[in-house]
Amino acid sequence: MQFQPEREQRNSNRGEKAGSFPIPPRIPVFPLPNLVFFPKTYLPLHIFEPRYRAMVADVAGRGQCIGMALLKDGWEANYAGNPEIFPVGCVGRLISIQQLPDGRSNILLQGLERYEVREEFYDKSYREATITLTPRKGGSHLDPATRRYLTETLEDYLRSREDSPAWQGIFRHDASDEILVNTLSSYLDCTPIEKQFLLEAEGLEQHARRLCDLIQFKIDERYGTKGLG
């Protein structure tokens with residue numbers, strides 16, 4: 001695989017924007033079978049396949065954007081080609097490149113915004129796609145009761161984990177709602193399909209509720225669901 005993780009307006013001529021950074025309407029797509037990227041998070045990647053070395057070189061020279069995408073089941077049979085991907089992903093901005101002597105590189109992406117694939121192109125060694133940005137509906141703030149329920153559920157979950165102290169650097173009470181929800185979604189030990197389910201939530205409220213349900217499921221899985229039997 002290519003990675004070893006360590007970690008609004010429409011304008012037909014200039015693409016779209018996430019915050020103040022312009023996103024081209026056509027971007028390279030980097031599909032992986034076991035990773036879902038979220039806005040407002042950071043993603044380190046180790047690049048070694050020739051096609052993705054070419055992709056990084058091209059991105060560094062123009063656009064600076066890569067669309068991370070999750071491969072659908074069955075990708076193994078056609079990995080060297082263009083196996084099917086989930087159409088909703090996250091655009092990452094290339095913010096650093098560490099070139100290695102043998103042509104490999106370590107890069108760091110900053111998550112900008114969700115996107116949906118409109119059309120895919122295969123005229124290069126790597127896949128490209130025209131995209132539409134899909135910002136979350138309802139804004140970037142949670143209802144205070146939702147945030148309180150999320151933090152309480154997370155605290156219950158952390159009490160059951162031996163690595164709870166390591167999580168304290170991630171779980172900051174002063175983090176914005178959007179950063180909290182997306183960061184927890186990145187670090188929680190869910191399956192890629194579960195994380196894709198989180199990414200595809202229509203709004204931040206729905207995303208937070210889905211996240212709470214997954215955390216509660218993990219608590220119940222560890223201790224057994226109460227009230228049954």
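**Entry 1: elements**

How many helices and how many strands are there in the protein? I counted 6 helices and 8 strands. I took helices (H or I, at least four residues) and strands (E, at least two) as DSSP runs, numbered from the N terminus. From the N terminus on, I read the order as β-β-β-β-α-β-β-β-β-α-α-α-α-α.

I noted that this is a predicted model, so local features need pLDDT of at least 70 and side-chain atom pairs count only at pLDDT 80 or more, while totals for chains, interfaces and linings use all residues. Residues are numbered from 1 along each chain as its sequence is written, and side-chain values use heavy atoms, with hydrogens and water left out.

**Entry 2: burial**

I looked up what share of the protein is buried. Of its 229 residues, 48% count as buried. The cut-offs I used are under 20% relative accessible area for buried, over 50% for exposed, and partly exposed in between (1.4 Å probe, protein chains only).

**Entry 3: salt bridges**

Side chains of opposite charge can pair when their charged atoms come close. I counted a salt bridge where a side-chain nitrogen of Lys or Arg is within 4 Å of a carboxyl oxygen of Asp or Glu. The structure holds 12 of these salt bridges.

I checked Arg-26 and found a salt bridge with Asp-123, with the closest N and O atoms 3.1 Å apart. Arg-26 lies in strand 3 (residues 26–32) and Asp-123 in the loop between strand 7 (105–121) and strand 8 (128–133), so the pair ties together parts that are 97 residues apart in sequence. Arg-26 is partly exposed at 30% relative accessibility, and Asp-123 is exposed at 59%. I also found that a network of salt bridges links Arg-26, Arg-62, Asp-123, Lys-124 and Glu-128.

Next I checked Asp-102. Its salt bridge is with Arg-104, and the closest N and O atoms are 2.6 Å apart. Asp-102 is partly exposed at 43% relative accessibility, and Arg-104 is partly exposed at 26%.

Then I turned to a pair within a helix. Arg-209 forms a salt bridge with Glu-205, the closest N and O atoms being 3.6 Å apart. Both sit in helix 6 (residues 204–223), and because they are 4 residues apart there, about one helical turn separates them. I noted Arg-209 as partly exposed at 45% and Glu-205 as partly exposed at 22%.

**Entry 4: nonpolar cores**

In soluble globular proteins, nonpolar side chains tend to be buried together. For a nonpolar core I took a set of buried Ala, Val, Leu, Ile, Met, Phe, Trp, Tyr and Cys residues joined through side-chain atoms within 4.5 Å. Which residues have the most contacts inside the largest core? They are Phe-30, Leu-45, Met-68, Val-91 and Leu-109, in a core of 35 residues. Among the elements that each supply at least two residues of this core are strand 4 (42–47), helix 1 (50–61), strand 5 (65–70) and strand 6 (88–99). Strand 7 gives the most, with 5 residues. I found a second, separate core of 25 residues, which includes Leu-184, Cys-190, Leu-214 and Ile-219.

**Entry 5: cysteines**

A disulfide is a covalent bond between the sulfur atoms of two cysteines. I searched the whole structure for disulfides (a pair of cysteine sulfur atoms within 2.5 Å) and found 0.

**Entry 6: two loop residues**

I found Gln-64 in the loop between helix 1 and strand 5. Gln-64 is partly exposed, with a relative accessible area of 31%. Gln-64 and Gly-92 are 28 residues apart in sequence, and their C-alpha atoms are 8.2 Å apart in space.

I found Lys-40 in the loop between strand 3 and strand 4. Where does the phi of Lys-40 lie? Its phi is near 65°, a positive value in a residue other than glycine. Lys-40 counts as partly exposed at 41% relative accessibility.
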